Amino acid sequence: MSSAASTPASRLIEACYGELLRFARRKLGGEHVADDLVQEACLRYANARTQSIVSPRAFLYRILANLVVDHQRRRGRQACEPLGEIEPVDGSADAESALIWRERLAILSRAVEELPPRCRECFVLRRFDELPQDEIARRMGISRNMVEKHLRAATLHCARRLREHD
């Protein structure tokens, strides 16, 4: 992570990660989805063209706030949307978009494989097995703070790999 820590985006994410988690948890009532939204916000920020942004910290918070609102809207729709109104996916996705997504998925897959073993294990347990950070800490025999450090390192690494291929 030493090369990632040298970029302004990485430094900002590193400095704000804990307070971003607190912000999201407060807005969502402590839901564990807050951890995922913070990671998503950090990935989006790391991939954004931020050279002309006047206040990068405020921009990062705005990304997270928008993700929180989107999550709350989706949750609200799911709670009140009758099953009869859900439209089936027709499978006719744009071929170019599908190819781009497959390429990005391959890049992310390679990036995850490049992670150190403990960091990769932590990331997989969180992002793919959807375990809460407390459970990951218990399973891995590490502190919650260490789980957050592993997740932050993995998120920065994956964002850097995606940015390199854009």
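The following conversation concerns a predicted model of one protein chain.

Visitor: What kind of model is this, and how are its residues numbered?
Guide: The model is predicted; local features need pLDDT of at least 70, side-chain atom pairs count only at pLDDT 80 or more, and totals for chains, interfaces and linings use all residues. Residues are numbered from 1 along each chain as its sequence is written, and side-chain values use heavy atoms, with hydrogens and water left out.

Visitor: How many helices and strands are there in the chain?
Guide: The chain has seven helices and zero strands. Helices (H or I, at least four residues) and strands (E, at least two) are DSSP runs, numbered from the N terminus.

Visitor: How much of the chain counts as buried?
Guide: Of its 166 residues, 37% count as buried. Buried means under 20% relative accessible area, exposed over 50%, and partly exposed in between (1.4 Å probe, protein chains only).

Visitor: At what angle do the axes of α5 and α7 cross?
Guide: Helix α5 (residues 117-127) and helix α7 (residues 144-164) have axes that cross at roughly 90° and come within 9 Å. The two helices are therefore roughly perpendicular. Axes are lines fitted to C-alpha atoms, for helices over the stretch in contact, and angles run from 0 to 180 degrees between N-to-C directions. Angles under 35 degrees count as roughly parallel, over 145 as roughly antiparallel, 65 to 115 as roughly perpendicular and the rest as oblique.

Visitor: Which residues make that contact?
Guide: On α5, the residues are Arg118, Cys119, Cys122, Phe123 and Arg126. On α7, they include Val147, His150, Leu151 and Cys158. Contact means heavy atoms within 4.5 Å. By class, the residues of this contact divide into eight nonpolar, two polar and two charged. Ala, Val, Leu, Ile, Met, Phe, Trp, Tyr, Cys and Pro count as nonpolar, Asp, Glu, Lys and Arg as charged, and the others, Gly among them, as polar.

Visitor: And how do α6 and α7 cross?
Guide: The axes of α6 (residues 133-140) and α7 come within 8 Å and cross at roughly 105°. Gln133, Asp134, Ile136 and Ala137 of α6 meet Arg144, Val147, Glu148 and Leu151 of α7.

Visitor: Changing topic, how much space lies in the largest pocket?
Guide: About 510 Å³. Its lining has 18 residues, and the closest to the pocket centre are Glu40, Leu43, Leu108, Arg127 and Leu162. On a 1 Å grid over the protein atoms alone, a pocket is an open set of points where a 1.4 Å probe fits, with protein on both sides within 12 Å along at least five of seven lines; lining residues have an atom within 4 Å of a point. Grid points are joined across faces, edges and corners, and a volume is the space filled by probe spheres set on the points.

Visitor: Which helix supplies the largest share of the lining?
Guide: Helix α4 does, with seven residues. The lining as a whole has nine nonpolar, four polar and five charged residues.

Visitor: Is Leu43 buried or exposed?
Guide: Leu43 is buried, at a relative accessible area of 17%. This residue of helix α2 touches Thr155, Cys158 and Ala159, not counting residues up to four places away in sequence.

Visitor: Where is Glu130, and what is its phi?
Guide: Glu130 lies in the loop between α5 and α6. Its phi is positive, about 55°, although Glu130 is not a glycine. At 55% relative accessibility, Glu130 counts as exposed.
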